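Please have the structure open while I talk.

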Amino acid sequence: MNRLNPRRILLGLSAPVLALIVAFVITSIILVLFGDPVREVWSTILKAPKPRQTVQIINAATVYYLSAIAVAVGFRMNLFNIGVDGQYRVAVFAAAVFAGQAWLPGFLNIIVAIIVAMVAGGFWASIAAYLKVKRGVSEVISTIMLNAIATGVVSWLLLKVADRKEGSNAIATKTIPESSQLEGLKLIPGATNRVYTLIVLAVVVGFLYWFVLGRTRFGFDLRATGRSESAAVASGVNVPRMVMTAMIASGALAGLIGMPLLFGQDHNYGTTFQSGLGFAGIAIALLGRNNAIGIAFASLLWAFLDIQSNALQITAGVAQEIVFIIQGVILFAVVIAYELIRRTDKRLEQQRVARELAAQRKAQPATEGAPA
Amino acid sequence: MSAAGLEVGTQTVVGAPRKRRRFGAREWAIAALGALVVVSILRVVTGAGDIVSSGALAAAIGLAVPIGLAGLGGLWSERAGVVNIGLEGMMILGTWGAGYFGYHYGPWAGVLGAIVMGMVGGLIHAIATVTFGVDQIVSGVALNIIGLGVAKYLAARFFTGLPGGGPTQSPPIDPLPSFTIPGVSSGLGTIEKKDWFFVSDLAAVLRAVCTNMSVLTIIALLLFAGTWWALWRTPFGLRLRSCGESPVAAESLGVNVIRYKFLAVVVSGGLAGLGGGFLALVAANIYRDGQTGGRGYIGLAAMIFGNWRPGGLLGGAALFGYTDAVQLRGGGTVHAFLLLFAVILVAVGVWQIVRNRRLVQGILALVVGALVAWWYFATDAVPAELTGTTPYVTTLLVLAFASQRLRMPAADGQIYRKGEGH
Amino acid sequence: MTASPPVTQPAAQQPTGAAPAVELEGITKRFPGVVANKDIAFTVRRGTVHAIVGENGAGKSTLMKILYGVQRPDEGTIKINGQVVELHSPSDAINAGIGMVFQHFMLADNLTVLENVVLGAEKLHGIGDAARQEIVKISDSYKLGVDPDALVADLGVGARQRIEILKVLYRGAKILILDEPTAVLVPQEVDELFDQLAELKDEGLTVLFISHKLDEVLKVADSITVIRRGTTIDTVDPKSVNARQLAELMVGSELPSPTTEESTVTDRVLLRVDHLVLGGGTGRPVLDGISFTIHAGEVLGIAGVEGNGQAEIVEVIMGMREPTSGKVFLGDQDISDWHVREIREAGVGYIPEDRHRHGLLLEAPLWENRILGHQTEEPNIEAGGFLIDAKDAKADTERIVKEYDVRTPSIFVTAGSLSGGNQQKLIIGREMSHHPKVLIAAHPTRGVDVGAQSSIWDHIRAARREGLAVLLISADLEELIGLSDTIQVILRGRLTGEFDPDTVTAEDLGAAMTGAGHKNGADDAPRTGDGDGEATTRHTDTHTHDRTDAHDKEDQA
Amino acid sequence: ACGDSGNDSSPSGSGSSDSGKKSDLKVGMAYDVGGRGDQSFNDAAAAGLDKAKKELGVETKEAAAVNGENEAAREERLQQLVDAGYTHIVAVGFAYAASVGKAAKDNPDVNFAIVDDASDDSKGANVDQITFAENEGSFLVGAAAALKSKAGHIGFVGGVNVPLIKKFEAGYIAGAKAVNPNIKIDSQYLTQPPDFSGFGDPAKGKTAAEGMYQKGADIVYHAAGGSGGGVFTAAKAAGDGKWAIGVDSDQALTAPADVRDKILTSMVKKVDVAVYDFIKSAADGKELTGPNEYNLAKGGVDYSKTGGHIDDIASKLDDYKQQIIDKKITVPTTP
Ligand SMILES: Nc1ncnc2c1ncn2[C@@H]1O[C@H](COP(=O)(O)OP(=O)(O)OP(=O)(O)O)[C@@H](O)[C@H]1O
Ligand SMILES: Nc1ncnc2c1ncn2[C@@H]1O[C@H](COP(=O)(O)OP(=O)(O)OP(=O)(O)O)[C@@H](O)[C@H]1O
Ligand SMILES: [Mg+2]
Ligand SMILES: [Mg+2]
């Protein structure tokens, strides 16, 4: 009856496993159907990653994790922040410009730049929040629009501040000083590359997400709003303020997405900076069921598929995009599996409730005029 | 999470039995003419001739159609109570279908192929959301990922090695027929060139619709009219809409809710796929990787913008297509819009202060209006990087002023399971 | 749904001979873990009103849903007009000439009346003018007063009820099922409904009718079937039983005797509402100059047809809505512009009208629901109010479950898996646990069965004795009369009359509520005093009680 | 599938060399987004590879980038090729700059070439930094446009607003102005980075070019990759006297047949030559390294004459060409 019930855990685990199997089968069918080498594809994807690739998986997962958490904050209160994509780009641009100026010494520069990113991301999200609260504009539309507007605005500003390197055709902000570049952690033995130092950020964010949402009053209010807006209002939650707060928090977290990349890899923001992370975050948050631990697993799975598929063209001669199909099918399969399990579980729960009530009734007959 | 979202900010007017103003054909016509007068004035004042040129309007139609079709897909689905964020994925499938079938079997097969591929997307969404009752947002997001993957994979698989084709594009497809009304078009062209106030502008509008209209554009317009008729004038439509408003009530009256929802979502996919097909068959004459460029999302936005109604959606798509066209065609039109924005903002500011007695909002509007006006007069072009955002900014502004009246189908986004609602 | 068609011919065909309209045999329906219907058997004669009574959860609605094809029985046979039918879906039932008005209205708010009515029956008269004429015709012939082009969202409950009936008639149903049709109606509306039922009966239609209001049942029914815990207990003739006997048949034991209560009204003002106005856009205000005062130990009842501003009064007092003008005082403090949370923290308890929408998080476990609304108060918090104290909250939930007899296997099940009555007890327990000074109780016993009902009343009375001020809003006039120290009637956003519950009758209140009675202020209320004569009929229900004292009227001036 | 090694219909094919002499060189090619078959930039690189394969008998392997990918993904792609035993790796596109720099450092035994970058990021003792003087080639087609324009009004459509494409624009404008200082030039970019859909959205290309033609321009030059198809369609729809100028390869040969006769000329960027040079140099044992700019003087960029539409002005263009080669004219790189 408590949440830690072995049956529950078993049911909970069976969903992802089932989903992976289904994804495997469906993708294989597609491959066979179109005459592509099934065995090579799977042996490439499922091959044990080399240490170098393990690092890449962890790194990619770190970034995905931050993105998914940013999205999940909104989801937990029924806010659909599609705008994480634009928010992180605005934020990383602002942080890159700031850090590139090297106004502050090494480490301090990083800390303040991260704050700058959070402020910028939060600010961009606040536009959508304001429009929702004050003007009733659905955040779904406004964030779609703001993503596109972010592209234009960042492009425009980037051209203004760009530091064009001799002989380069790329365009980017000034490279951050070396003292602020993070070399990375040597976590995986045998790898030449390193895990982003700012994986720490992901861990902290994950913990805070769990703690704030699960343990604090603010988190309770936020979840209550997500579960039933009307009940939250009646319980004293100031929903408009909550929308503002959650949206801005989501944007501020979105601001963190680019930080590991900025300080651990690219060292500037430019046209080749990774894009589309916000959209990946939506899928991963949904796959991880908006749960801090679930999202961690989902990020790792997503990153694993991404990295392992890099070699597909080289080893199997199959378009790397097959991995999108696998990811999409997993997402479908997971939710369908959860839904089937939820139904089973609900039925079992009702049976149990009824049984126990019947037992209670037998044990202590009729109080207060209830049927004997 | 549920797909319906929070209601905050969408204030409903309380009390006083709502007097529903009928916004019929006449009102629409008046509004359209009014808008035309405004842009005529703008054209004369700013000298930006492209504001109402037949070319810009024709381009606007071309850009609006795929968005409109995607939105129409969204409309079908959401009117039956299923949120469809997967329109983009369905559109992408449509572009591939158009490319593949269009190349091998001719453009009409391409049209069919686009619809069928879109329907496959719709079918997946329907199975997930209607049959299995999973969260509609999750399903839509997954579908977008799959749509993208499938199209790229199939393109790489089937277009590589074809003459003019490759992993990212199909070989060229033969064009679909298009129509020009011969005498009228050139006659109107003459009037348009005169630059007469309003008259030339009206001529431009008329010319845009009788010159080089693709048959697919005409089909799209018919689909709009047909959707309106089917959903609001037939028993079928009543049943379908009732599934989006109150599926339990519909079920209690013997409506097979599951069947209608399923059908609606599949049709939705077909329409979005056709929108993708338009991109591949008319807007370009090839399938191209990434061709949709987020138009599925824009279609969804246009549908919400249009208050889940075909007429409104048409307006939203047209607004978007038009602003996108003028910004792509360049030449200072966007700059001219600054003046329009400034004037509107000042008008709103005055209105707020004089009529609504909202000093803060009014002054804010006035200040922003003044800033925009200053921007207009102090520069002679909007930076190229920013003109691209015109359609998005415009949409956002229009919504900010007018979105309180939007109302989505009451049961939109809610999961429905047979027999559980009673 | 396309399985096999019903065996019978459409109802349009003339029924054969004198076969009864409905015959049920051995109907059994099991839900996971519950047997909702067990071996149900009874017969309904054609052209009669047949009532079905039973406690909450006795299985009445389930049975009706089976008869309407919404649910399939596990065992048993249904005969309509003497022929065995298989009802797979509502369409089968409709084809067999059955129509049903559900306990919860089945209307799409954003569609017009016309659309709601023709939905699913488009084949009959299309969806255009022919259908409109038909609706007007039916509406006229049964005096339903329905405007086919109105938007359902704009209509009140009474009108919705009539649309539901019209829907059924439109389909040419010969057998009508009405599941608790009177629960939300005022007496006058109930009378109108009964007149209409009588007319239907005269035309040879058969009506199956569920109600918890036994006096109504006795008045209108030709025959009454009692269901207890899923089985038919008996079918009785209304002329041969009285309400009390009927109630005892329902619960299967003797009813507790009515309790006696003394006035506990003091002169300490706890809640004062001063000329509240709530504008309604361009039209008439939703609240128009509402003023009243509630003292410690006083229960102020507000009677009114739903939709006349009761909900808005509550929302304004609770801070969920800003009044256009006017003030609300808690003691001496002006709380008009306080926020919900501050108001709740200041000691205002809230039992919302719609527990599912405003009172509970249905997907959250009971202990989280115990925190809801008191997120800033002990025992739910720790670390200076920043953190949620799950441990203490759980322990306190256990206490509430025990003290308020919330029937649940554990505090970890979701609130949604409790029955309505138990959900309500949880809410009451939660609100009472914070020792409110003022309790805003909207329909505290709606949809709750007799047992739970009386325990909820007991809790309210106990708190009142300790000086609680209660604003009671209820559609149940018996409840209002039984619990209140004063009753105010609200009509179109105004308080139009004050009544003394000792002397007023439900009929008087009903008249005032619909505006049919006089509309003067407090000075000349109450109207007539012959309440005692009717008390016996009225007080058949288990929850009524006599009041022995009449308190000072000056208090409420 | 792209870079499909086992597919016989594909012109590439790894491991086996069907003709020519055998070389033990193993060449890996990492394409930019779009990969082989994009009818543009990547295809030009592929042509160089195919030529090397045919003539030198090298073994090849190909892989393409994914839209919006991470820096690490690009690094990994190069590293995968190294791991698979490829000794010479060509990275197509400036996006690979940093990855090539890093991979070159990590794998000193492997030789790299990068197309479109000559920055410090990609510098290395084992890196051939290939760049092109797109501005010089564009100058020539700009001059051609100005010479051919009757309206004194021409246009430029750029795919995505990035410095590389601005280089095309700058040269084009300079060339046109050199002929006619008063000429009117409309410029339009389709999208802003990181939205690279401007290289693959023919609908947008068509709309932009249509606008220019309708406002009086008679010749439009595009540097918009796949969106260029839309520019050609617009030129065709605009009717007689309206022209388009192609880019990267001689598009009068590669564009869809029905629009080829609307292509006045193309600015040819000989990526194939550069790629071939790199492989050839390796086969010859004297690896090309360091910055190698393929300019007019080296024949790395040029204009095409297919269709004979500009035969009448060829001498003038060649004159400009000589002036640029002789450094009498310096062509700007930014507009
Ligand atoms: N869909 C269902 N799934 C599981 N159990 C159900 C379902 N519907 C009803 N029940 C159970 O069947 C029993 C009978 O319910 P029913 O709604 O028929 O009662 P009722 O007599 O109509 O009560 P009320 O007077 O409150 O309307 C309830 O106790 C409930 O537990
Ligand atoms: N559609 C349904 N699906 C699953 N369970 C249901 C459903 N409807 C009712 N139940 C179960 O039936 C039980 C009680 O249902 P219901 O609310 O009808 O009971 P009740 O005692 O009649 O309550 P009320 O007094 O509110 O009418 C609950 O445990 C609930 O879980
Ligand atoms: Mg019930
Ligand atoms: Mg019931």
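In this predicted model, helix α6 of chain B, residues 182-193, packs against helix α7 of chain B, residues 199-210, at an angle of about 150°, and their axes lie 8 Å apart. Because an angle over 145 degrees counts as roughly antiparallel, that is how α6(B) runs relative to α7(B), and the crossing of the two helices is left-handed.

If you look at the residues that meet there, α6(B) contributes Val184(B), Ser185(B), Leu188(B), Gly189(B), Ile191(B) and Glu192(B), while from α7(B) come Val199(B), Ser200(B), Ala203(B), Ala204(B), Leu206(B), Arg207(B) and Cys210(B). Sorted by class, this contact of α6(B) with α7(B) comprises 8 nonpolar, 3 polar and 2 charged residues.

Let me now move to chains A and D. How many residues does each chain bring to the contact? Chain A brings 36 residues and chain D brings 44, and the area buried between chain A and chain D comes to about 3300 Å², with carbon and sulfur atoms giving 51% of that area. On the chain A side, Asn169(A), Gln313(A) and Ile314(A) together supply 23% of the area that chain A buries against chain D, which is more than any other three residues supply.

As for charged pairs, the count between chain A and chain D is 3 salt bridges. I would point you to the one in which the side chain of Arg52(A) meets that of Glu76(D), at 2.9 Å from N to O.

Note on methods
Residues numbered from 1 in each chain as written. Chains lettered and ligands numbered in written order. Predicted model: local features only at pLDDT ≥ 70, side-chain atom pairs only at ≥ 80, totals over all residues. Heavy atoms only, no water. Axes fitted to C-alpha atoms, helices over the stretch in contact; angles between N-to-C directions. Helix = DSSP H or I, 4+ residues; strand = E, 2+ residues; numbered from the N terminus. Parallel < 35°, antiparallel > 145°, perpendicular 65-115°, else oblique. Left-handed = near helix turned anticlockwise from the far one by under 90°. Contact = heavy atoms within 4.5 Å. Nonpolar A, V, L, I, M, F, W, Y, C, P; charged D, E, K, R; others polar. Buried area = accessible area lost by both parts, 1.4 Å probe. Salt bridge = Lys/Arg side-chain N within 4 Å of Asp/Glu carboxyl O.
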